[in-house]
Amino acid sequence: LIEKFAGYGFNKSHSAAYAMITFQTAYLKTYYPQEFMAALLTSEQDNTDKVVKYIDEVKRLGIKLLPPSINHSLIEFSATTTKEGDEAILFGLGAIKGAGSSAIGKILEAREEGEFKDMSDFISRIDTSKVNKKVIESLIKSGSFDEFGYSRRALLDNIEKIVKAGAECARAKKMAVGSLFGDESEMVTARIEIENLEEFELKRVLELEKETMGFYISGHPLDEFREIISAIPHRLSSDLENLDNETALFIGKVEAITEKISKNGHKFSIINLMDFHGNLEFTVFLNILEKIQK
């Protein structure tokens, strides 16, 4: 790759600078792969296609990617170890769609006093004016509250109860200011009773993760076919920009088929194909689509 890049014909000042950066990053990836990949993921956390590509590289390196944790995640991705002592990268709260930096900042601020013990403790300590229903919902779907012992289904089913308890707690705190009993923590602590439910099927869990993070963490819909797919020579969606007027085979799961009509009145479809590195869109005309659907 370095030799190929040299063929671009940069002058010495460019070549020396690129050589230095290449050496430094190669060194970091070799000897500090967790920290390097965590930094890389953080730098591209708003670019879903690149994040998906880097996550596949994380897996190839034998590093586990852990879902976000309300008690341990930082804003950015971070290097950590699992309970079993395996190398891992912890998902950053700042990369969760629908959460927002302002809300995440308030959560981290409240966490400085100590880890959240459970959902009641969490809702009692956060600023509900910033951490609203949309934020809590995104955190649930992403798996950020998994360590509290409730299934994502149970928390989503009780989202209204959780939000209501937070609003009542905020109101109690406001009334407690200057009150004779203002120092009584019990007066401003939420109490939420949640009946645990069986977790969603893996397919639904993955859908929720894709919705809030742009990709899958608990698994991948194509995981069970990984060996079969790997045995077939093919290209990945991340290779698209490197293809130069050539025929290529892509293998993936059809996510959606959108039917359209051209200006000439001819029917055609846009097929969204998902592989291990992201999504591709293909234009398919009616005669081909009929063959596919058969």
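Strand S5 and strand S6 (residues 278-285) are joined by eight bridges and run antiparallel. This is a predicted model, so read the pairings below as features of a prediction. The link from S5 to S6 is a hairpin through two residues. Within this pair, Asn-272 sits opposite Glu-281 in S6.

S5 has a partner in strand S4 (residues 253-261) too: these strands pair in the antiparallel sense, again over eight bridges. Here Ile-257 has Ile-271 in S5 as its bridge partner. S4 and S5 also make a hairpin, with five residues between them. In that turn you'll find Gly-265, with a positive phi of about 85 degrees.

Buried here means under 20% relative accessible area.

Now to the other end of the numbering. There's an open sheet of three strands in the order S1-S3-S2, with mixed pairing. Its edge strands are S1 (64-66) and S2 (78-81), each of which pairs on one side only. On average, neighbouring strands of this sheet are turned by 40 degrees against each other, direction ignored. S1 and strand S3 (residues 87-90) run parallel, with three bridges joining them. Leu-65 stands opposite Ile-89 in S3. Helix H3 packs on this sheet and touches S2 and S3, and the direction of H3 makes about 20 degrees with that of S3.

Here are the strand pairs with their bridges side by side:

| Pair | Sense | Bridges | Facing residues |
|---|---|---|---|
| S1 and S3 | parallel | three | Leu-65 and Ile-89 |
| S4 and S5 | antiparallel | eight | Ile-257 and Ile-271 |
| S5 and S6 | antiparallel | eight | Asn-272 and Glu-281 |

As a general point, strands of a sheet pair through backbone hydrogen bonds, either parallel or antiparallel.

Last, the surface. Which residues form a nonpolar patch there? They are Phe-23, Tyr-27, Leu-28, Tyr-31 and Tyr-32, and together they have about 580 Å² of accessible area. Tyr-32 lies in the loop between helix H2 (12-31) and helix H3 (33-43). Why does Tyr-32 count as partly exposed? Its relative accessibility is 43%, and partly exposed covers the range between the buried limit of 20% and the exposed limit of 50%.

Conventions:
Residues are numbered from 1 along each chain as its sequence is written. This is a predicted model: local features need pLDDT of at least 70, side-chain atom pairs count only at pLDDT 80 or more; totals for chains, interfaces and linings use all residues. Side-chain values use heavy atoms; hydrogens and water are left out. Patches are made of residues with over 30% relative accessible area and no salt bridge: like charges are joined within 9 Å, nonpolar side chains (Val, Leu, Ile, Met, Phe, Trp, Tyr) within 5 Å. Accessible areas come from the Shrake-Rupley method with a 1.4 Å probe; for residues, only the protein chains shown count as cover. A salt bridge is a side-chain nitrogen of Lys or Arg within 4 Å of a carboxyl oxygen of Asp or Glu. Helices (H or I, at least four residues) and strands (E, at least two) are DSSP runs, numbered from the N terminus. Buried means under 20% relative accessible area, exposed over 50%, partly exposed in between (1.4 Å probe, protein chains only). Two strands pair if DSSP finds at least two bridges between them. Axes are lines fitted to C-alpha atoms, for helices over the stretch in contact, and angles run from 0 to 180 degrees between N-to-C directions. Contact means heavy atoms within 4.5 Å.
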